[in-house]
Amino acid sequence: MSARLRVDPIACEARGLCAEILPEMITLDDWGYPLIGGADVPADLYAEASEAVRLCPRLALRLDGPDREPPAPLAS
Amino acid sequence: MKTAEQSPWLAAGRAAAELPRLLPGRCGDGPVSLAGHLARHGRLPVIGRGTGHRRRLIAEIGRAGLSGRGGAAFPTARKLATVAAARRTPVVIANGTEGEPASAKDKVLLAQAPHLVLDGAVLAAELVGARQAIVVVHGAVREPVDDAVAERRRARYDRVPVRVLTAAGRFVAGEASALVNWVGHGIPAPTAVPPRVSERGLGGRPTLVQNVETLAHLALIVRHGAPWFRSLGTPTEPGSVLVTVIGAVREPGVYETGLGTPTGDVLALAGGPAVPLAALLIGGYSGAWVPYPAAAGRPFSAAGLRPAGASPGAGLLAAMPADACGLAETARVARYLAAESAGQCGPCVFGLGSIAAELEALAAGRPADPGQLERWLGQADGRGACHHPDGAVRMIRSALEVFAAETAEHARGWCRGTRPAGVLPVPPQAPR
């Protein structure tokens, strides 16, 4: 069961709870927004990751499966 | 079916490698009328009602190798096929926003050959099974496009209703999700991806967003076929491309050339350098700086420019004179890009603002911290919902590399620039 943490940068308002709950995987940038490495969430951190997703006051964090599509092109 | 492999257009025997394809041969005559358009290009080909003919035409566009001319160079046939296969009735939006202040190619195309773009929008709508085509154009060219649409309406020419809208005058307004957001809600700001607009766009419908130049090429491919299209350009990047050439060239303007043409030859179309050059900004304000003598020999194509860290992008070439300060130019554009953030994503809002301030300090010879700048560039890169911060970071990183000697000179209080900054156009910022 591999999953990745993703942040919706529009919804995120730098409340910073995620970095407190999951400091092993999430650090904050100079403005307080979460920096999340692209690595899969290890099994022993899955519970904390789920907790961070559930407690995000902006609902900006989610756990995605590994087979997500690549990002869409910028313009047509 | 075997015959689908052979191109039915091959026998047409058109003088294929002739340029220009999109623009009228002579400038300054005003927009080409519908009669003039028909005399030059022939009637709009009939698209069969069944899915078979539509599928074969999309395959022909795939064989032509047409890719998006708005900057991302995404394969057009793949986007068409995705939207055509969707369950709900799709919508087509022709993107003539051209929010990039340095670029003029979409405006020139819409002002001079509006019927070719409208043909492409109608054909694209038919190919994907859409019942309307929405054409969003820069305010400067709304009138010729309106006139062209009225002319077609009088002639009962279009088989799909065409609606024209004026684009929001913002840099990010042309990004696909921002364009859909603008048409649907009047908000010119990107939305979160996923979903992509090709899956869930305007009113929840699958939405095909194509740059207006891409659609003009499409209208010609449907008429003349893939071999005709491929007779210009390179095998991996076929066709012609519109290029806006600005800065220190003798005749700045919009020119059409085959992809893969040496970049120096594209400059020559614009009369060549007017003064000795230091560098070229290639692709747009989210493109990359390349040192000049090295840049001239590179083919103007994604493959040709990739080793120099650049790409054709939206078809911009800006020639920077050797007596201008590249850092000052970059700082001005960085400040503009920071102000043009849609203001939704923190790392873009705060990152680009901080980066611009640091660059301004660097350009002005005030104390600046290159380590801090690099740290912020890393923290802004890839951190937005759209690629606006990534593009700004790419352009600024290339400037720091190409103008590295200037950076060192500025730190000692020197600047080789003897002309005021202003080679790259930056519109005044509206208060928000």
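**Exercise 1. Describe the side of chain B that touches chain A.**

Step 1: count the partners. Chain B brings 29 residues into contact with 16 residues of chain A. Contact means that the C-beta atoms of two residues, placed from the backbone, lie within 7 Å.

Step 2: know the model. It is predicted, so local features need pLDDT of at least 70 and side-chain atom pairs count only at pLDDT 80 or more, while totals for chains, interfaces and linings use all residues. Residues are numbered from 1 along each chain as its sequence is written, and chains are lettered from A and ligands numbered from 1 in the order in which they are written.

Step 3: find the elements. At least two residues each come from β4 (207–211), α14 (346–364) and α15 (370–380) of chain B. Helices (H or I, at least four residues) and strands (E, at least two) are DSSP runs, numbered from the N terminus.

Step 4: sort by class. This side of chain B has 13 nonpolar, 13 polar and three charged residues. Ala, Val, Leu, Ile, Met, Phe, Trp, Tyr, Cys and Pro count as nonpolar; Asp, Glu, Lys and Arg count as charged; the others, Gly among them, count as polar.

**Exercise 2. Work out the strand order of the open four-stranded sheet in chain B.**

Step 1: read the order. It is β3-β2-β1-β4 of chain B, with parallel pairing. Two strands pair if DSSP finds at least two bridges between them.

Step 2: β3 (162–166) and β4 of chain B each pair on one side only.

Step 3: look at one pair. β1 (residues 91–96) and β2 (residues 133–137) of chain B are joined in the parallel sense over five bridges. V92(B) sits opposite A133(B) of β2(B).

Step 4: α5 (residues 114–128) of chain B lies across β1, β2, β3 and β4 of chain B, at about 155 degrees to β1(B). Axes are lines fitted to C-alpha atoms, for helices over the stretch in contact, and angles run from 0 to 180 degrees between N-to-C directions.

**Exercise 3. Compare how α2(B) packs on α8(B) and on α3(B).**

Step 1: take α8(B). α2 (residues 51–64) and α8 (residues 212–224) of chain B pack at about 110 degrees, with axes 10 Å apart. So α2(B) is roughly perpendicular to α8(B).

Step 2: L57(B), E60(B), I61(B) and A64(B) of α2(B) face L218(B), I221(B) and V222(B) of α8(B). Six are nonpolar, none polar and one charged.

Step 3: take α3(B). The axes of α2(B) and α3 (residues 76–84) of chain B come within 8 Å and cross at roughly 155 degrees. Therefore α2(B) is roughly antiparallel to α3(B).

Step 4: list this contact. R54(B), I58(B), I61(B) and G62(B) of α2(B) meet T76(B), A77(B), L80(B), A81(B) and A84(B) of α3(B). The classes are six nonpolar, two polar and one charged.

**Exercise 4. Describe how domain 2 of chain B meets domain 3 of chain B.**

Step 1: Chain B is assigned domain 1 (20–230), domain 2 (240–321) and domain 3 (326–411). Such bounds come from an automatic or database domain assignment.

Step 2: count. Eleven residues of domain 2 contact eleven residues of domain 3 in chain B.

Step 3: name the source. On the domain 2 side, β8(B) gives the most, with four residues.

Terms used: Angles under 35 degrees count as roughly parallel, over 145 as roughly antiparallel, 65 to 115 as roughly perpendicular and the rest as oblique.
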